[in-house]
Every structure is written in structure tokens, then in C-alpha cells.
Amino acid sequence: MELVVLLCISSSFSVFAQSPGHEIYKQGEALLRQGKLEEALGKFNSALVEEPSNYLYHAAKGNTLLKLKKLDLALTSLQRSVYYKEDYGFGYKLMGDLYLEQNDLDKAISFYSIAFKNESELSSRVKYKSELIRILIDREKYTQAETQLEELMGIAPYNSESFYLLGELSFAVGDLTEAIRGYKKALEYNKEVKPEAVARIYYGLGRALYQSGDGENAKKAWAKANFGEYKKLVAEDMARLNPDYYYKLGVSYYMSGDLDEAVIHLKKAIDMRQDFAIAYKYLGIISDKRDLTTEANSYFARAVQCEKDSIKRTDIYMAWLISQVENENHAGAITSAEKVIKVQPQNAKAWLLKAQSEFQLSRFSNAIVSAEKGLAALNNQDPVKRAPYYFIVGMSSRYTGNPTKAKEAFTNALFGNTKYAAKHELDVINGVIQR
């Protein structure tokens with residue numbers, strides 16, 4: 001926008017090329033381009049000392065004060081600019097910028113409109129109107145934007161910018177068919193050669209195609225938009241064509257505790273990739289958390305069916321095993337445990353969960369074997385970690401009529417969560433109390 005400002009000011013300058021303040025003004029213009037606002041302001045003030053009625057100098061001073069956020073002073077300078085040249089379109093445009101800075105949209109629209117009417121150059125008229133339309137779209141003033149766009153189309157019906165803005169406005173209001181038409185027309189009338197100059201049109205087209213469900217053509221459009229400031233946006237949008245994006249998004253929501261959002265994105269992932277095993281796994285875990293047991297089992301079954309890697313499939317079976325034990329599906333838990341153990345015979349937790357399920361089904365001898373194998377696999381001598389295994393051995397030994405083995409096991413279970421239950425069982429065996 002700064003370049004446009006300087007060009008607009010410079011375009012009228014030839015009239016004043018021989019004027020007393022010319023060289024000083026040029027110095028100020030150069031400083032303004034460099035962003036040295038205070039120094040530029042000093043030069044414009046000096047130029048105005050030479051020529052106090054020069055509308056270009058007042059406009060340049062007002063523009064600089066606007067950039068310095070000295071809005072009251074800027075307004076005074078811009079008012080003087082249009083006072084000395086009543087039809088100076090660019091001066092009115094800068095006043096529109098000023099009121100926009102003050103969040104007075106109605107006044108901004110008014111001055112942009114005055115600038116449009118007073119400007120004689122067609123290219124400048126298109127720029128003023130286009131800028132106003134973009135502002136209105138950004139602020140979701142779609143009805144007003146449509147009115148302004150109709151006016152723009154009236155003076156520039158075969159202009160790429162007009163149709164680009166048609167695409168932008170149509171996309172904003174959700175009319176994807178018209179948005180696609182607008183962007184395609186913008187490309188048809190485009191006269192730019194450099195790909196980075198038309199990247200925004202291709203980016204908009206890709207976005208509209210994607211939203212309409214045409215992912216393949218969206219990819220093609222975004223490939224032509226992958227330049228300059230649009231590179232990052234293209235990368236982000238291209239990621240949305242990948243089911244991994246939605247899987248990661250779903251897991252992120254799951255880890256954050258928002259299960260509803262997690263389910264939405266995980267289902268989007270499996271819509272895009274029907275064999276996405278790990279997405280089914282997380283849907284199974286979430287369903288289990290919601291006590292939707294049948295649904296959880298269905299997702300876990302689908303997950304193991306889709307997963308071809310034996311290690312990953314074992315991880316799914318492990319998650320399913322935990323769910324089955326929690327939901328007292330002990331027969332299913334034993335099956336899942338066996339699937340885990342077949343691949344990971346040293347998985348102590350799988351042995352323990354198998355033993356607990358066997359105990360619940362009164363398969364006491366099997367439970368003893370599984371718990372002892374779990375102890376053998378447990379690479380941890382911490383008595384608290386080992387206690388649950390010993391407790392299952394003790395309970396199963398009691399039911400199989402082996403008090404000696406039960407007593408030894410309960411003694412080793414006097415730690416952690418099983419401490420008080422193991423003490424109670426020992427007291428019964430030792431005759432301290434009766435059951």
C-alpha cells in the first residue's frame with residue numbers, strides 16, 4: 001500500500017517539478033520510502049514553507065502523520081490538501097484510511113466513495129474501489145461489499161481484480177460455485193506473468209475447490225499458488241488433504257480432554273482413509289471412556305483388522321485388552337491378552353490382565369500359571385509392582401485348596417494397593433479371624 005501511496009503522489013508531481021519546494025519534497029519522499037517518518041515529516045514541513053498552498057505537500061505530510069498515528073494532525077493536513085485541490089481523489093482516499101484507523105467505517109466508506117468519484121485515472125479508481133471492497137469483506141459487511149462490487153464491475157467489467165473480489169466475496173458468503181467462477185474469470189483476464197503475482201487467485205480457487213469437495217483440483221490450484229506469502233498458507237491447506245492431519249488433530253483434542261472434537265476429526269481421518277487403524281484405535285478408546293462398550297469393541301476390531309504391522313497391531317490389542325478388563329468382558333480379554341503375548345511374551349501387564357480375567361472366570365489353575373509367567377517377565381524387583389501378581393496367585397491357590405502356596409503368595413502381596421486385602425487373607429489362613 002505504501003508503494004501505491006508514493007506512486008499516487010508522484011504521478012501528480014510533474015506539475016510542480018520546477019517549484020521552489022520540489023527538491024525538499026523529493027528528499028522527504030525518499031525518506032518516507034525508507035520508513036524514516038520523522039525526518040520525512042521535517043522535509044514536507046520545509047517544502048510547505050516554500051509553497052504553503054501545494055496540495056501534494058499537504059497530502060504527503062498528512063500521509064506521514066497518519067503513519068505516525070497522529071490522526072488529528074493528519075486530518076488537518078489532508079483537509080488542506082483537498083481544500084487546495086477539491087477534486088484530488090487520493091487526498092480523499094487517505095482521509096478514508098484515517099477514518100478506518102479510527103474504526104469509523106461509515107466515514108471511511110464515504111471518503112473512499114468521494115475519492116472514487118473525483119479520481120480521473122481508471123487504474124486509481126479501480127484501486128480505491130478494490131481496497132474498499134476488501135475492507136468490507138474483512139469486516140463481514142457483505143451487503144455493502146456487494147453494492148461496491150457492482151459499481152466496480154460497472155467501470156471494469158473485464159478486469160482480473162473485479163473477478164478476484166467476486167471470488168473472495170462469494171467464498172465469504174458460502175457461494176462456492178460463484179466463488180470458483182469468479183476466481184477462474186480472474187485468471188482468464190489476468191495480465192500478470194510472474195507466478196507470485198497471481199498466487200492469491202490460485203490460492204483462493206484452491207480453497208473454494210477444496211470446500212466444494214474437489215480435493216484433486218484444489219491440489220492443482222494450490223501448486224500454482226505456492227509462492228511468496230502464500231507458501232505457508234498452501235502448506236497448511238495441503239495438509240488438510242491428508243488424513244494424518246485430522247488424525248493428529250483428533251489425538252490432540254483427545255489429549256486435551258475434548259472428546260467431542262476428537263471424535264469429529266478422527267472420523268474425518270477414517271472417512272479419507274478407510275484402513276486408518278490407529279484412528280480406529282483412538283475411537284475405540286474414546287468409546288470405552290464413554291461406556292459405549294459395543295461401539296468400542298467394534299472400533300478395536302476394525303483397528304486390528306486394518307493394521308498390517310504386527311507390533312502396531314499388538315499395541316491395539318493391548319488397548320482393547322485394557323478396555324475389556326474394565327468392562328468385565330473377561331473371555332474377550334483373555335483372547336486379546338493371548339494375541340499380545342504371542343508377539344510380546346515378556347509383556348508382564350498382559351500376563352497380569354490375563355490372570356485377572358481367568359480368575360474372574362474361575363479358571364484358577366490357569367490364573368496361577370499366567371500370574372507366575374507375568375512375575376517372570378516383570379523386569380522390576382519393586383515389591384509394590386510385584387504385589388498384584390502375587391495376590392492373584394494367592395487367591396487362585398486358596399480356591400484350588402493349596403493354603404501353603406496361598407500363604408507364601410499373600411506374604412509377598414503385602415505392599416501397595418493389595419496390602420490390606422493380603423493381610424486379611426493371611427489372618428484367615430492363620431486362624432486369627434474367620435471369613
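Rings of Phe, Tyr and Trp (its six-membered ring) make a pair when their centres lie within 6.5 Å; planes under 30 degrees apart are stacked, over 60 edge-to-face, and the rest tilted. The model is a predicted one, where local features need pLDDT of at least 70, side-chain atom pairs count only at pLDDT 80 or more, and totals for chains, interfaces and linings use all residues. Numbering runs from 1 along each chain as its sequence is written, and side-chain values use heavy atoms, with hydrogens and water left out.

**View 1. Phe 300 stacks with Trp 320.** The structure holds 23 aromatic pairs. In this one, the centres are 6.0 Å apart and the planes 20 degrees. Phe 300 belongs to helix 18 (residues 293–306) and Trp 320 to helix 19 (residues 310–326), so the pair ties together parts 20 residues apart in sequence; helices here are DSSP runs of H or I, at least four residues, numbered from the N terminus. Both Phe 300 and Trp 320 are buried (under 20% relative accessible area; exposed is over 50%, partly exposed in between; 1.4 Å probe, protein chains only).

**View 2. Phe 364 meets Tyr 399.** With centres 4.7 Å apart and planes at 10 degrees, this pair is stacked. Phe 364 is buried at 17%, while Tyr 399 is partly exposed at 46%.

**View 3. Tyr 247, Tyr 254, Phe 276 and Tyr 282 gather in one aromatic cluster.**

**View 4. Charged ends sit over tyrosine rings.** Lys 85 has its charged end over Tyr 55, 5.5 Å from the ring centre. Arg 200 does likewise over Tyr 164, at 4.1 Å. The cut-offs: NZ of Lys or CZ of Arg within 6 Å of the ring centre and within 35 degrees of the ring normal.

Methods:
Helices (H or I, at least four residues) and strands (E, at least two) are DSSP runs, numbered from the N terminus.
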